[in-house]
There are 2 protein chains.
Amino acid sequence: MSQSNTPAAPTTSVTTPAGTIDPKLIVPFVNAVRNVFMTMVHVKTDIGRPFTKGVPAPQHDVSSIIGFSGEVVGTCVVSFELEAAKQLVASFAQVELPEDSADFADALGELANMIAGGAKKDLGAVASISTPSVIMGKGHSIARLKDVPCLIIPCSTEVGDFAVEISMKRVTKAA
Amino acid sequence: MSQSNTPAAPTTSVTTPAGTIDPKLIVPFVNAVRNVFMTMVHVKTDIGRPFTKGVPAPQHDVSSIIGFSGEVVGTCVVSFELEAAKQLVASFAQVELPEDSADFADALGELANMIAGGAKKDLGAVASISTPSVIMGKGHSIARLKDVPCLIIPCSTEVGDFAVEISMKRVTKAA
């Protein structure tokens, strides 16, 4: 398995309008995305440099959201255009799944779950994760909230692009 | 403050295609919705009988999602049509907020946060909650996942209706 694609994780803290994201919180997600898509979806993912989420928020067709709580609190969102989601899910499930089927949503939720679960182990903080929520709706956006910093990790594969949003902060005590 | 509107919480467990939801997990949300909307939004909420989420999932314009983890794992989603969201947010914030403003999304996230936080205390289980994600997008839906039971609590107010989705299960050990 090649780990040689673009080194993408920021090595210094990244300032967003809502504050600073510790790069130690981003690197685990970059690594988890690369590993999950390589081993489970069987596609190589090129990961671009994370950037601060702007306003208006970018639009997507399908998003899987996982909540984090504990010593870090926030969310991890994996968002796709529909066509990319269909191709990536087909590669993951080894069969084409109709976009309106429960299996399609379950597969997208499971991908986010594996990314969040993989990253959780390396956050250097005690955190637990929720079940995924899978949003279906052409052109939806995830609003930028004011008090939680948010970075977008742009990801591209040979069958389509997707974006991973990390909106997360350390707290001194379990929330 | 009247607590006399329709008693809505199920008193026996409710079976959904994904299993059974313990009514002890639903009652705290019914109470929290009623209290938050009465005390913070200044509207009386009539709460209908919770029902199992069907397929296709209902469509909404705005949703706030909070993840739960710990001894219960799942999500609480508060969903609105745009017009109801605008009126309820105006009543909550005491000022009309543009639907594309960060303040509008923050207000919707805070409403979900107060409902989830209020319910959390009465779940009879140790749980922690994530920050909210606020989804904007006309006609989006939250997909039904197969392995987590999901109930919808229908809520109506004089300025518009909304729905609270509880998708949650007890786990034997913190996830």
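**Exercise 1. Helices H2 and H3 of chain B**

In this predicted model, work out how helix H2 (residues 82-93) of chain B lies against helix H3 (residues 102-120) of chain B.

*Solution.* 
- Start with the axes. Those of H2(B) and H3(B) come within 10 Å and cross at roughly 80°.
- Now classify the angle. Angles of 65 to 115 degrees count as roughly perpendicular. H2(B) is therefore roughly perpendicular to H3(B).
- Next, find the residues. H2(B) contributes B:Leu82, B:Ala85, B:Lys86, B:Val89 and B:Phe92. They meet B:Phe104, B:Ala107, B:Leu108, B:Glu110, B:Leu111 and B:Met114 of H3(B).
- Finally, sort them by class. The contact of H2(B) with H3(B) has nine nonpolar, two charged and no polar residues.

**Exercise 2. Helices H1 and H3 of chain A**

Describe the packing of helix H1 (residues 23-39) of chain A on helix H3 (residues 102-120) of chain A.

*Solution.* 
- Take the angle and the distance. H1(A) and H3(A) pack at about 135°, and their axes are 8 Å apart.
- Name the arrangement. Angles over 145 degrees would count as roughly antiparallel, and 65 to 115 as roughly perpendicular. H1(A) and H3(A) are therefore oblique to each other.
- The crossing of H1(A) and H3(A) is right-handed.
- List the contact. From H1(A) come A:Pro28, A:Phe29, A:Ala32, A:Val33, A:Val36 and A:Phe37. From H3(A) come A:Leu111, A:Met114, A:Ile115, A:Ala116, A:Gly118 and A:Ala119.
- Sort by class. The contact of H1(A) with H3(A) has eleven nonpolar residues, one polar and no charged.

**Exercise 3. Relating the two chains**

*Solution.* 
- Two copies of a chain are related by a rotation about an axis and a shift along it.

**Exercise 4. The interface**

Describe the contact between chain A and chain B.

*Solution.* 
- Count the residues. Chain A gives 33 and chain B gives 33.
- Take the area. The two chains bury about 2600 Å² between them, with 58% of it on carbon and sulfur atoms.
- Pick out the main contributors in chain A. A:Thr131, A:Leu145 and A:Lys146 lose the most area to chain B, together 20% of what that side buries.
- Compare the two sides. 100% of the interface residues of chain A are also interface residues in chain B, so the copies meet through the same surface.

Terms used. Residues numbered from 1 in each chain as written. Chains lettered and ligands numbered in written order. Predicted model: local features only at pLDDT ≥ 70, side-chain atom pairs only at ≥ 80, totals over all residues. Heavy atoms only, no water. Axes fitted to C-alpha atoms, helices over the stretch in contact; angles between N-to-C directions. Helix = DSSP H or I, 4+ residues; strand = E, 2+ residues; numbered from the N terminus. Parallel < 35°, antiparallel > 145°, perpendicular 65-115°, else oblique. Left-handed = near helix turned anticlockwise from the far one by under 90°. Contact = heavy atoms within 4.5 Å. Nonpolar A, V, L, I, M, F, W, Y, C, P; charged D, E, K, R; others polar. Buried area = accessible area lost by both parts, 1.4 Å probe.
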